[in-house]
Amino acid sequence: MTKWVYTFGDGAAEGRAGDRNLLGGKGANLAEMCSLGLPVPPGFTITTEVCNAYYANGRTYPAALEESVLSALDHIGALTGRRFGDPSKLLLVSVRSGARASMPGMMDTVLNLGLNDETVEALAADSGDARFAYDSYRRFIQMYSDVVMGLDHEVFEEILEDQKASLGHELDTELTAAEWQGVISLYKAKVEEELGKPFPQDPHEQLWGAIGAVFSSWMNSRAITYRRLHDIPESWGTAVNVQAMVFGNMGDTSATGVAFTRNPSTGDRQLYGEFLVNAQGEDVVAGIRTPQNITEAARIAAGSDKPSLQKLMPDAFQAFVDISDRLEKHYRDMQDLEFTIERGKLWMLQTRSGKRTAKAALKIAVDMARDGLITKEEAVARIDPASLDQLLHPTIDPKAARDVIGMGLPASPGAATGEIVFASADAEDARAQGRKVILVRIETSPEDIHGMHAAEGILTTRGGMTSHAAVVARGMGKPCVSGAGSLRVDYKAGTLVSMGQTFRKGDIITIDGGNGQVLKGAVAMLQPELSGDFAAIMEWADAARRMKVRTNAETPLDARMARSFGAEGIGLCRTEHMFFDGARIVAMREMILADTEKDRRAALDKLLPMQRSDFLELFEIMAGLPVTIRLLDPPLHEFLPKTEDELAEVASAMNVSADKLRQRTEALHEFNPMLGHRGCRLAVSYPEIAEMQARAIFEAAVEAGRKAGALVVPEIMVPLVGLVKELEYVKARIDAVAQSVMQETGTKIDYLTGTMIELPRAAIRAHVIAEAAEFFSFGTNDLTQTTFGISRDDAASFLETYRQKGIIEQDPFVSLDVDGVGELVRIAAEKGKTTRPGIKLGICGEHGGDPASIRFCEEVGLDYVSCSPYRVPIARLAAAQAAVAAAKSAAKRA
């Protein structure tokens, strides 16, 4: 028979800290504290399995639950000498949620449950304090009516404020028992007026109403949003915790508070928290009264004239300090604590691992490791890799006001403020004048590279997390919000319209690439700072990981930035990005417009020295580390002008007719360019392009080797291969160029030729392709597109709907689809190794910087991951965590 309810109290508990999946974090930790002999009000936990059963069965409870709850109430009664619903032995309870993962403030709580018109008098007699009793009853009516009955708490706040004004009171604590009785009468009348039924008086009806409200709160909009933002599965459910009430509002010897065992902002080893005298838990966070500091040191630092808990209640304070130290040592982590002091006696209501900033997380982990509380591997495992974004990019000051005018996807982390510009040329002009801008586009294309580089941040109304704008912005380390579909951009009018407001070129906006918000005006920022703790964690991570971490980079700026972040080579150099500047785009367009191979080669000869110079600089920056260069990948039409104005301008600059340019553009038009004439297909059709690039690579490798006095071994990657004969054809051209350069320079060149696995056919036929390929790099952006049959640029319009409806858990362009795309990666890796046991395997899609995807890469035995420069530290940490987890799994299996 399934056990639905677990009890705890008086030093014994049916659960422990390891039962958080079943009891939720709060319930498991209450049980653990109880087992440690700490002062915890007795209670019971209704399991997360009840929550799942509740939703699976049309919001009805398992048949045996009611009997189990009644038995658990008797258990509390036996420990307290009281009985629920009995005025002569009054037992009041609190009802709180408690999910497996901490979700602060997202779900609902009810205190003082069991009070009614009869039991409130019993509480007054029992406590000897009528004012306290009626204060508790009005709190209960207000909270229960809001949480369970759906009557907004503001309704009651208005009544209370009106009454205080008429009575000449400023603070709630100034009301007498009789005055609270008057407020209660008004509250009850308002409930009946608004809801058409009286406030419930039966304690058991109240209890089941509160239990139902907690389970229902698992699906409220706040909780759903929080789960989506923090990747918490709906299937986890929430538990319900029912505890005997202890009262912090029982006079001046009572109090309630919250605290952290270390500073959650800085990580400093000091008790950090607040409390209120003569108050209940919600008062501390509600902001109605100003909380007081717990320690005297904190009071002095804050310049407060209100006494600290240390001074006011020294015995309770010392007991709390001792328990705080004990809990931190027991859990071996910084704890977030809730407590109540009832007439001088301390009660612990909660402990959990505390939320903290990335800076604090690093300091706490490093300090605990150096103190021997945790190992270095555990310290590495404690840091959320994604949180390092806080340390690498400017972020909006949490204290700053936000005037949100739109929402998109958080495509690239960090925040930026600037003037609106709608064209890349305007972004460049503004930067030249020292003005900061946000480039606002419907969508970006490769031609916007220079404008994106000049802008502080990028905002697009179309595109997903792996759209052009998102990928390039992440590579540049620039904030980006993509797919902000509620915004309307009109290039001709030069306007951005959102929420009834019109913004024009030059107006100031701020974008938050961390959460996708678009904000009106300038907003205060916090600048990034890297501490010695960051360096220590990275050093420990590097010692623990197996996989190498490379970067996706084609500019010297990106390459140097990635090296400073610890990149161990370049895993993807996208050569097409090198063709959009100045003279290069002209030569590229001359090549595309050429009617003969001879004319194409003449244009390519102009590009050769530029490419050679590019590669030479990258080889020199990487100083002997591997550099993987992808041959030209996108279709040729991407390099041609799009609009009539652009056509005329380019035709004039190139001294060709606009008609010829238009005809060539139309001839190259494709209905589905992503699956069109691109990648190795270009190299088969126009081998002279691959030959020019190969020559530039080899000549640069020779020169770099001579300068460094050490061999440079380039890795040449042929994109979009589906047939081994495609690769063999292109490889033959590469090999021929290599022989020519070796003869011309008298220098032996070592190099590798490989391919991107980005088509399902390539994955399935990897054993054949490996006959020609010396390495595989998984281009999971395109492999995801071709596996799902989804365009990543269009997917944002429906993938979020899929996620909300439970069809997918994650956007497959953000985190690798392990079951489908991942299976193709696994197949290709295994088949490739059967043909070529030492084949080098890596990943260079955007998934190379995603911690969950990196875990999978470790599982399948890839040699390296490659990601944008600013994600290199994230990948280093995630790779270490994946290696440690894999080692533990292997040890368990053994």
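A residue is called buried if its relative accessible area is under 20%, exposed if it is over 50% and partly exposed in between, with a 1.4 Å probe and protein chains only. The model is predicted, so local features need pLDDT of at least 70 and side-chain atom pairs count only at pLDDT 80 or more, while totals for chains, interfaces and linings use all residues. Residues are numbered from 1 along each chain as its sequence is written, and side-chain values use heavy atoms, with hydrogens and water left out.

**Stop one: S308**

Select S308, which sits in the loop between helix 11 (296-302) and helix 12 (309-312); helices here are DSSP runs of H or I with at least four residues, strands are E runs of at least two, and both are numbered from the N terminus. S308 counts as buried because its relative accessibility is 0%. Leaving aside neighbours within four places in sequence, S308 is in contact (heavy atoms within 4.5 Å) with F275, N293, I294, T295, E296 and R299.

Select residues 335-342, which are strand 12, paired in the antiparallel sense with strand 13 over 8 bridges; two strands pair if DSSP finds at least two bridges between them. Within this pairing, T340 stands opposite W347 of strand 13. The two strands form a hairpin with 2 residues between them, and R343 in the turn has a positive phi of about 50°. Strand 13 (residues 345-353) is largely enclosed by the rest of the structure, because 7 of its 9 residues are buried.

Next, display the open sheet of 8 strands, whose order is 15-25-24-17-18-19-20-16 and whose pairing is mixed. Its edge strands, strand 15 (404-407) and strand 16 (409-412), each pair on one side only. Inside the sheet, strand 24 (residues 508-512) and strand 25 (residues 517-520) pair in the antiparallel sense over 4 bridges, and D512 has Q517 of strand 25 as its bridge partner.

**Stop four: helices 34 and 35**

Finally, select helix 34 (residues 851-859) and helix 35 (residues 872-893), which pack at an angle of about 45° with their axes 9 Å apart. Axes are lines fitted to C-alpha atoms, for helices over the stretch in contact, and angles run from 0 to 180 degrees between N-to-C directions. Helix 34 is therefore oblique to helix 35, a term for angles that are not roughly parallel (under 35 degrees), roughly antiparallel (over 145) or roughly perpendicular (65 to 115). On the side of helix 34, P851, I854, R855 and E858 meet residues of helix 35, among them I874, A878 and A882.
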